[in-house]
Amino acid sequence: EADNAPSQRHYYREVETRRRNSIYAYFLKIGKTKTYLTLSCYIKTFKKNGMTIKTAKNDYPILDQLRERWSPRAFNGQPIEKEKLQSIFEAARWTPSASNIQPWRFIVGEKGSETYKLIASTLVEFNQLWALTAPVLFLAIANKTTPKGGTNTAALYDLGQAVANLTFEASALGIYVHQMGGFDNTEAARLFDVPDNYTVATAIAVGYIGDPEILHENLKKMEISPRERRKAHESVFTGKFGQASEIFD
């Protein structure tokens, strides 16, 4: 048998290697040949100082999970381990909320399930171009009412905090989260019998990062472009709205 010929007993071996808690490599062994399926987006964007093009260029120190978090559109399709999904939603569980109401709810679908298919069907066409590479799709839902029947004005705020918590837990596990507003939330509520006092706020794709080459040409550029944010001092005021804060002097 030739060295490069596929063996009948070829097997897959996954090895996790982290770089700043977020870089993973996957190994495929076929016969006597090892092929490293290292993510091409990592290869293309690697810099000598260990950063990728997506690493935040922060002006002040922040956690690595924050620096390395971004929202890819290319996922490699590898299933997420059950215990990691449990940890992600456990992180959401411990989110602070107004009066500890905990308004967040989630409907989760793993690829191949009916739930996944239904969530996918609610996505706008643009998001369907890429989101279906993710092994998990879920809906983020907020309870708009308080236990006494009043309006919970903090419901969406608290749901957002819960999604942020699970996002950074995922980041620490080498898993990426991409939130989407481009979906039909009315149809999602209908498909899943969501009660009227709840609102379906966001659809979310979750998975291990993939090769941008699988994406439509129009999406590849965004996948390998630097992240940009306005400066912190532009968002933080003292005195009146718009008045620069002294903490950044």
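Residues F89, F106 and F138 come together in one aromatic cluster of the predicted model, in which local features require pLDDT of at least 70, side-chain atom pairs count only at pLDDT 80 or more, and totals for chains, interfaces and linings use all residues. Residues are numbered from 1 along each chain as its sequence is written, and side-chain values rest on heavy atoms, with hydrogens and water left out.

A pair of aromatic rings is described by the distance of the centres and the angle of the planes. Rings of Phe, Tyr and Trp (for Trp, its six-membered ring) are taken as paired if their centres lie within 6.5 Å, with planes under 30 degrees apart counted as stacked, over 60 as edge-to-face and the rest as tilted. The structure holds 6 such aromatic pairs. One of them joins W70 and Y176 in an edge-to-face arrangement, at 6.1 Å centre to centre and with 70° between the planes. This pair links distant parts of the chain, W70 being placed in the loop between α2 (64–68) and α3 (82–93) and Y176 in strand β6 (residues 176–180), 106 residues apart; helices (H or I, at least four residues) and strands (E, at least two) are DSSP runs, numbered from the N terminus. Both W70 and Y176 are buried, where buried denotes under 20% relative accessible area, exposed over 50% and partly exposed the range in between (1.4 Å probe, protein chains only). The rings of F89 and F106 have centres 5.4 Å apart and planes at 55°, so this pair is tilted. Here too distant parts of the chain are linked, with F89 in helix α3 and F106 in strand β4 (residues 104–110), 17 residues apart. F106 counts as partly exposed because its relative accessibility is 21%.

The loop between α3 and β4 contains S99 and also Q102. S99 has a positive phi, near 55°, although S99 is a residue other than glycine, and Q102, likewise not a glycine, has a positive phi of about 55°. With a relative accessible area of 71%, S99 is exposed, whereas Q102, at 31%, is partly exposed.

Leaving aside neighbours within four places in sequence, F183 is in contact (heavy atoms within 4.5 Å) with residues including L123, V124, L139, A188 and V200.

A search of the whole structure finds 2 cavities of 30 Å³ or more, a cavity being a set of points, on a 1 Å grid over the protein atoms alone, where a 1.4 Å probe fits but cannot get out, and lining residues having an atom within 4 Å of a point. The second largest cavity has a volume of about 60 Å³, taken as the space filled by probe spheres set on the points, which are joined across faces, edges and corners. Its lining comprises 10 residues, of which R69, W70, S171, I175 and Y176 lie nearest the centre of the second largest cavity. To this lining α6 (155–172) and β6 each supply at least two residues.

Definitions and conventions:
On a 1 Å grid over the protein atoms alone, a cavity is a set of points where a 1.4 Å probe fits but cannot get out, and a pocket is an open set with protein on both sides within 12 Å along at least five of seven lines; lining residues have an atom within 4 Å of a point.
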